[in-house]
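Here is a briefing on one protein model. Please look over the sequence and the fold before reading on.

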Amino acid sequence: MMGDWPDREFNIEGNPLEASFVELVLAVKPEQVTLVPDVLGQITSNHGWDTLANQALLIDLIKVFKDAGIRTSIFVDPVLEMVEAAKTTGT
């Protein structure tokens, strides 16, 4: 079905700490995955990653997706330090 829409991309957005999220993304292989820091079971995002406190976790997760050829983005608040630290995660 994706072949019918060649100008579209598939993005999976979710919390990588939820059970089996990483496995789902690797099985589906979307063009992009967006990582959000929701509390487990939260319905929608209301804050971004603390890219300083979660630096090691984000680097490890992003490497897994990059190695699989999946572009990765992360949800961050519009705070300069968080945006600058996001750049160092590999996104």
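Predicted model: local features only at pLDDT ≥ 70, side-chain atom pairs only at ≥ 80, totals over all residues.

Residues are numbered from 1 along each chain as its sequence is written, and side-chain values use heavy atoms, with hydrogens and water left out.

**Sheet**
- Three strands form an open sheet: the 3 strands run in the order β1-β2-β3, with parallel pairing.
- Strands are DSSP runs of E, at least two residues, and helices are runs of H or I, at least four residues; both are numbered from the N terminus.
- Two strands pair if DSSP finds at least two bridges between them.
- The edges are β1 (11-14) and β3 (71-74), each pairing on one side only.
- On average, neighbouring strands are turned by 20 degrees against each other, direction ignored.
- Axes are lines fitted to C-alpha atoms, for helices over the stretch in contact; angles run from 0 to 180 degrees between N-to-C directions.
- β1 and β2 (residues 32-35) run parallel and are joined by 4 bridges.
- Ile12 stands opposite Val33 in β2.

**Helix α1**
- α1 (residues 21-28) packs on the sheet and touches β1 and β2. Its direction makes about 180 degrees with that of β1.
- Contact means heavy atoms within 4.5 Å.
- Phe21, Val22 and Val25 of α1 are buried. Seen down the axis, the buried residues of α1 fall within an arc of 100 degrees, so they line one face.
- That arc is taken over the directions from the helix axis to the C-beta atoms.
- These buried residues pack against β1, β2 and α2 (55-67).
- Glu23 and Ala27, on the other side of α1, are exposed.
- Buried means under 20% relative accessible area, exposed over 50%, and partly exposed in between (1.4 Å probe, protein chains only).
- Lys29 follows α1 and has a positive phi, near 55 degrees.

**Thr72**
- Thr72 lies in β3. It counts as buried because its relative accessibility is 8%.
- A polar atom of the Thr72 side chain lies 3.3 Å from the backbone oxygen of Ile70.
- Leaving aside neighbours within four places in sequence, Thr72 is in contact with Val33, Leu35, Ile62, Phe65 and Thr91.

**Ala86**
- Ala86 sits in helix α3 (residues 80-87). Its relative accessible area is 8%, so it is buried.
- Leaving aside neighbours within four places in sequence, Ala86 is in contact with Thr51, Ile74, Val76 and Thr91.
- The C-alpha atoms of Ala86 and Phe75 are separated by 9.2 Å, with the two residues 11 apart along the chain.

Notes. Polar contact = N/O pair within 3.5 Å; in protein donor to acceptor, adjacent residues only side chain to side chain.
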